[in-house]
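User: I would like a close look at one part of this model, the charged side-chain contacts. Please keep it short and plain.

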Amino acid sequence: MKTTQIVPGLLALAIAQALFAPAIARADDVAPADAAADAQSNTTELPKINVRERGLHDDTRPKLQHIMREVDGPIITVTKKTSITKLDTIPTVVDNNNRALFAQTPGIFYSEQQSPGQMNLSYRGIGNPQESEFVTVMLDGIPLMSDWIGYPTIYTFPLPQTLSEVQLIRGGSSLLYGPEPPPVVNLISRKPVADRELAGYTENVAGSNGLFATFNQLSGTSGAWDYLVDAHYRTSDGERDNGDSDLRGGDLHLGYRPDDAAYYTFDFHAYSLETGDPGKLSYPQFAADAETVTTPHNELWTDRYVAILGHDRKFDADTELVAKLWYGYQDNASRSQDRPPPDSPVPTTSTLQDDQFRFGGLDARVVHHWGRGNAFTIGTTYYHSDAPFRQWTMQGLTPDRYDRDGVPRLRQERSTDYGAVFAENVFRFAGNWHFVPSVRLERENVDIDETVKPSNLTRDLVNRSVDHTVPLFGLGIGNDFGRGNETYFNVSQGWRPVRYFDIGSPFGNLAAGSINDPDPTHVLSWEAGVHGTPVDGLFYDASLFWVNVKDRIESQPAGPDAPPNNTINVNTGDTRHRGFEGQIDYDFLAARDPKTTQHLSVFANLSLLNAEFTSTRNPANLGNRPAFSPKYLARVGLSWREDKHYKLALSAVSVASQYFQDSNLPAGTAGAANYIPAKVPSYTVADFSADWWVLPQLRLLGGVSNIADRKYYSRVFSNGLEPGIGRTFYAGASYEF
């Protein structure tokens with residue numbers, strides 16, 4: 001295994017010394033007293049004074065409507081670029097339109113699909129957005145991926161109605177939360193109502209394509225206990241035949257606070273989805289009729305259940321522990337019709353697949369505030385997953401997901417173990433300077449034991465176990481200046497773990513010998529920028545970034561002694577991603593009166609990206625743009641709201657054209673039935689949504705997505721593309737008490 005060499009050793013040593021050196025300042029600033037004064041019996045002891053950054057915990061500060069607090073519990077975000085969306089400030093997000101959820105989030109690329117069940121995110125051209133494999137997505141700091149290490153895909157996503165905030169953390173995110181390149185998307189759940197024993201909310205909407213959705217919630221606080229429970233259901237016929245879906249789910253929260261120093265929680269999240277899969281289209285099929293169905297019998301089922309125990313404890317005014325222990329189960333099952341043989345006009349068999357995950361983990365962090373606004377955090381994370389993967393060849397095209405009487409086609413027993421220890425400190429100096437060194441040490445183990453392989457493969461059965469240890473370092477510097485302005489600079493490492501598919505692909509002739517042992521992919525991210533609220537009503541954030549992705553995994557022939565068509569995975573790909581990212585939000589009414597409850601704001605954000613391959617085993621790809629790296633991603637919108645009266649939002653997203661393959665080449669030949677153009681065409685899509693209170697408890701909901709009915713696609717593969725969603729409408733009402 002190659003030695004990781006991303007940050008020079010001298011810097012690593014300096015960071016380690018800064019983190020683990022003895023404290024250079026006392027934790028509390030107390031008026032000093034000399035020994036003689038202490039001996040005097042009539043000495044009066046002055047009250048203890050804890051010095052903190054001014055307004056550090058005041059969530060009403062204008063900039064905290066757009067970015068995270070500098071020390072957010074045990075999470076240090078100062079010198080890291082962050083963005084937040086508070087869902088109470090936007091209209092209700094309904095159906096499968098998460099463009100509204102990310103409308104005010106700079107840089108995040110959301111690749112839309114018609115059917116729910118997969119969340120497709122990417123950032124700065126690093127990796128395919130399919131199932132968000134290259135972005136860490138979390139719910140309250142707990143990973144949402146099917147298998148955090150071995151199979152980091154997103155098949156479930158919480159209803160926006162259950163969320164209070166969406167956080168986006170760029171450089172330094174791997175040092176805070178672990179694997180995958182930056183950024184981290186952390187979703188924050190709503191908390192129980194704190195001022196009464198019972199509060200309720202119910203929401204019902206109907207819309208295009210047979211949409212009906214209902215969401216119902218109860219919450220409250222009584223003495224030392226608080227609770228929240230919700231249940232939801234959504235059904236839709238879909239835009240294409242066999243695009244129907246049914247989603248059911250619920251959440252439970254119980255909290256117990258025996259005193260001001262301790263808080264115990266239990267949370268449970270349940271999610272069950274059944275959806276059809278109408279299939280991918282060639283470009284000629286899409287151009288002729290975007291509602292064409294190529295797989296009328298394919299079906300997807302996803303179930304996910306997660307239980308979480310949490311404990312927060314304040315040992316004193318300066319020191320706090322935040323710990324979470326979780327266990328969960330997820331089942332991704334699917335039915336797909338097999339391709340017919342050349343002499344058969346229609347398929348007669350199907351493949352039933354069952355991809356299960358049983359996982360659990362622990363995350364514990366301690367934060368200690370010391371000196372004049374300094375803070376030190378230290379913590380550990382452990383995660384384990386068992387993920388059996390099975391397939392059967394079934395007679396007929398519509399077997400049930402629980403049928404097991406077919407011919408076994410594939411069986412793999414898979415597991416991962418992951419552990420990390422980490423520490424970080426923010427030092428504050430005179431002149432409003434802050435300095436943040438970070439260190440993290442991570443280790444992964446990935447194991448595969450295959451007993452059945454597809455009959456068309458010539459490779460051996462896969463029996464592999466690999467281990468990797470990855471040290472990560474980071475450094476941040478910033479300065480507060482003027483009125484509400486701050487500069488930030490961050491350089492930090494990240495990594496992408498070796499997955500199950502990297503060491504033993506179940507579907508390809510991947511050589512199973514020891515030579516097939518790729519290292520993790522390494523990431524070094526640089527970012528420098530400035531943000532602030534220099535005048536009432538205005539927030540701005542602008543930065544320049546440079547990200548180097550090294551040791552990308554590519555395939556090459558296994559060698560002259562291997563069977564024909566066998567390949568191995570090697571670390572031969574390097575890419576460079578650089579550009580600009582900025583956002584601006586101006587509230588015309590808050591500019592006139594900062595305390596107003598009415599807000600009329602215009603917002604815009606822009607990401608400019610220049611990305612290319614700087615190294616690859618394929619000379620033809622050298623200098624190419626990596627797949628899914630649009631040169632620009634822009635969002636603009638207008639928001640008008642008054643607390644408990646109305647919320648209206650009009651937004652648009654524009655995405656530049658982008659290649660869908662690293663080769664920058666099309667699939668098939670122009671004019672052929674299976675042709676896919678090399679570039680995904682640019683597109684612009686606009687949405688409108690509104691909440692209107694007709695009574696203090698009664699709210700009307702409505703909206704239209706893809707206002708201009710733009711025909712476009714953003715999900716595309718070598719074997720086909722998936723159309724985006726056309727114009728849809730919804731209307732409904734909610735009642736709360």
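User: Which residue forms a salt bridge with Arg499, and how far apart are the closest N and O atoms?

Analyst: This is a predicted model. In it, Asp502 forms the salt bridge with Arg499. Their closest N and O atoms are 3.0 Å apart. That counts as a salt bridge because the cut-off is within 4 Å. Are the two residues buried or exposed? Both Asp502 and Arg499 are buried. The pair also belongs to a network. Salt bridges with shared partners join Asp502 and Arg499 to Glu133, Glu180 and Arg496.

Now widen the view. A search of the whole structure finds 35 salt bridges. One of them pairs Glu424 with Lys80, at 2.5 Å from N to O. Glu424 sits in strand β20, residues 407–429. Lys80 sits in the loop between β2 (75–76) and β3 (82–86). The pair therefore ties together parts that are 344 residues apart in sequence. Glu424 has 4% relative accessibility, so Glu424 counts as buried. Lys80 is buried as well, with a relative accessible area of 4%.

The side chains of Lys81 and Asp541 meet in a salt bridge, 3.0 Å from N to O. Lys81 lies in the loop between β2 and β3. Asp541 lies in strand β25, residues 538–557. Asp541 and Lys81 are both buried.

Terms used
Residues are numbered from 1 along each chain as its sequence is written. This is a predicted model: local features need pLDDT of at least 70, side-chain atom pairs count only at pLDDT 80 or more; totals for chains, interfaces and linings use all residues. Side-chain values use heavy atoms; hydrogens and water are left out. Helices (H or I, at least four residues) and strands (E, at least two) are DSSP runs, numbered from the N terminus. Buried means under 20% relative accessible area, exposed over 50%, partly exposed in between (1.4 Å probe, protein chains only).
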